[in-house]
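Take a walk through this protein, from its overall build down to single residues. Keep the sequence and the 3D view side by side.

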Amino acid sequence: MKEVLCPRINVIREAFAYQSRFTGSTMIFKIDFPIIASSGFSYLMKDIALLVNGGIRVVIVPGCKEWIDAVLLEHSVLSEYSGGERITSENAIPLVEMAAFNVATRYMTALSASRVDAVVGNFTRARGRGVINGIDMMYTGTVDKIFTQAMRRILDLGVVPILPCIGWSSTGKSYNVPSDEIAIAAASALGAAKLFIVTGGDYLKKEQLATPAHTRYTDEGRILRLNPREAEEILFLNKNDGETGKEKEKCLGMLRFALSASASGVERVHIINGCEEGAVLNELFTNLGSGTMLYADEYEAIRGIHNSDIPDILHIMEPLIRQDILIRRSAEDVQKKKDDYVVYVVDGSVHACGALHDLGDGQAELAALASDKAYSSMNIGRRIVHYLIEKARNLGMKRVLVFTTKTQDWFELLGFRETSIDTLPRQRRENYNYKRMSKIFALELNAPQNAAHGSTR
Ligand SMILES: CC(C)(COP(=O)(O)OP(=O)(O)OC[C@H]1O[C@@H](n2cnc3c(N)ncnc32)[C@H](O)[C@@H]1OP(=O)(O)O)[C@@H](O)C(=O)NCCC(=O)NCCS
């Protein structure tokens, strides 16, 4: 196989795979107000326009809090809050409406620049929050219903519905409804494939939060993805730690928002920095993304292989073959032992492989282990090994062997210990490649405790 000369080719492949998967699906963008004032806003809107032109059905829910505060201040109307929620007085509601529509119009203008049509609409039916703990919330409302039929008709035309933070009761009364709530309700009612929480900063990084040991980070310390259980763990680890920093509270607020969306049935919620150029496209069209994803569905898994995985397996092995770490296998070789192989799949793409061959005499060989370099140090290699060890155990094997020329330290870390050729089953002993002189390592499965058990994640 010829070496890939253009490293971007893998990114292009990923992008095409995602593009065909997302065409026709609905995505909701809840965008924080401060982004409008940032230099990244025009790029963000251009990228969103690209998605619309590419056949993705986009809904925008503009955040407006800071702008409403500014408008109320300008008109000398007091902004009062209770339990973190605005109490919208009779004096305030016309100004809130004005501010909300003013912001929504700015989105419409930005989309027009990319020749994408948009409508600001009354798609939210609301009712009053009423009296909470003795406090009348007045014109602050909650979502009663999202008018999905009207929205779907608009989306079918390739037009972007924009939902301001206002809802109307059946009697035509206006309420100020939190945009987070509208975004979740719209995502859930429309069966959206994704909800994007577009923030104005780089959040959910290693240094900002206490996180469980198994959290997956990128090299720069960004939390890559979480399932709802892991997100709950982070909330638990960071509660009452005496640190009430504003940034940290923002991170936790975003996680709570993402978790509520997930609990409402939105399978994937992405938290991204809207001020970073290309953040949406990067998050959407690459496996590593640019933000943090909360996923409720099956995102990564180890599974047996299909014929269509074989080119990907050979592709991942190739650089290791060039470095003489792995021996070359043909597509037929893999096909013949198909049942022995497993792959590690991230969002439908193969990122690692491995095989377990039965050598007889209660011994198995772990072989063809290869992990995609672009995804190294994410525990993928380790998980494949643990999976295959577990498989060997379930098959009643006593021992797992591995033949390695360059990875002995790593296998030792996982509990394997060097052994001699005399301990191999006869046939494997006879097939031993004396030119290659691989070192032989073994993991005894009936040993009471070993590192491989301790580090399973
Ligand atoms: C070893 C291998 C599977 C690691 O893949 P991975 O997905 O990055 O694995 P993990 O994330 O579980 O482990 C990464 C850790 O192991 C370390 N590591 C990787 N290769 C290593 C090696 N040869 N020796 C010692 N440590 C190694 C990394 O530095 C990293 O350390 P960190 O967690 O402190 O950052 C991958 O490099 C590979 O495919 N190597 C070839 C495997 C091989 O020899 N196959 C033939 C025999 S079957």
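A cavity is a set of grid points where a 1.4 Å probe fits but cannot get out, and its lining residues have an atom within 4 Å of a point. Hold on to that idea, as it returns below. Note too that this is a predicted model.

Begin with the whole protein. It holds 15 helices and 24 strands. Its C-alpha trace spans about 90 × 50 × 35 Å along the principal axes. Of the 457 residues, 51% count as buried. Now look at how the chain meets itself. Take the contacts between residues at least 6 apart in sequence: 71% of them join residues at least 24 apart.

Next, the surface and the charges. The accessible surface comes to about 21900 Å². Carbon and sulfur atoms account for 51% of that area. There are 54 positive side chains and 55 negative ones. The centres of these two sets lie 4 Å apart.

The structure holds 3 cavities of 30 Å³ or more. The volume of the largest cavity is about 130 Å³. Its lining is made of 18 residues. Those nearest its centre are Glu283, Thr286, Asn287, Met293 and Tyr299.

Open space is a separate matter. The second largest pocket contains about 1200 Å³ of space. It is lined by 35 residues. Lys30, Asp32, Lys65, Gly84 and Asp180 lie nearest its centre. Which element supplies the largest share of this lining? Helix H8 does, with 8 residues. H8 covers residues 246-263. Other elements that supply at least two lining residues are helix H3 (65-74), strand E4 (85-87), helix H6 (179-190) and strand E13 (194-199).

Follow H6 to Ile184, which sits in that helix. Why does Ile184 count as buried? The cut-off for buried is under 20% relative accessible area. Ile184 counts as buried because its relative accessibility is 11%. Setting aside residues up to four places away in sequence, Ile184 touches Leu195, Phe257, Ser260, Ala261 and Ser264. Thr199 is 15 residues from Ile184 along the chain, and their C-alpha atoms are separated by 16 Å.

Strand E4 leads on to Ser89. This serine lies in the loop between E4 and helix H4 (92-113). Is Ser89 buried or exposed? Ser89 is buried, because its relative accessible area is 19%. Beyond its neighbours within four places in sequence, Ser89 is in contact with Val77, Met138 and Tyr139.

Finish with two residues whose backbone angles deserve a look. Asp361 is not a glycine, yet its phi is positive, at about 60 degrees. It lies in the loop between strand E20 (349-360) and strand E21 (363-371). Asp361 is exposed, because its relative accessible area is 56%.

Asn379 also lies in a loop, between E21 and helix H12 (380-394). Its phi is near 70 degrees, a positive value in a residue other than glycine. Is Asn379 buried or exposed? Asn379 counts as buried, because its relative accessibility is 14%.

Technical notes
Residues numbered from 1 in each chain as written. Predicted model: local features only at pLDDT ≥ 70, side-chain atom pairs only at ≥ 80, totals over all residues. Heavy atoms only, no water. Helix = DSSP H or I, 4+ residues; strand = E, 2+ residues; numbered from the N terminus. Buried < 20%, exposed > 50% of the residue type's maximum accessible area, 1.4 Å probe, protein only. Contact = heavy atoms within 4.5 Å. Areas by Shrake-Rupley, 256 points an atom, 1.4 Å probe, with all protein chains shown as cover. Lys, Arg positive; Asp, Glu negative; His and termini not counted. Charge placed at Lys NZ, Arg CZ, Asp CG, Glu CD. 1 Å grid on protein atoms, 1.4 Å probe; cavity = no way out; pocket = protein on both sides within 12 Å on 5 of 7 lines; lining within 4 Å. Points joined across faces, edges and corners; volume = space filled by probe spheres on them.
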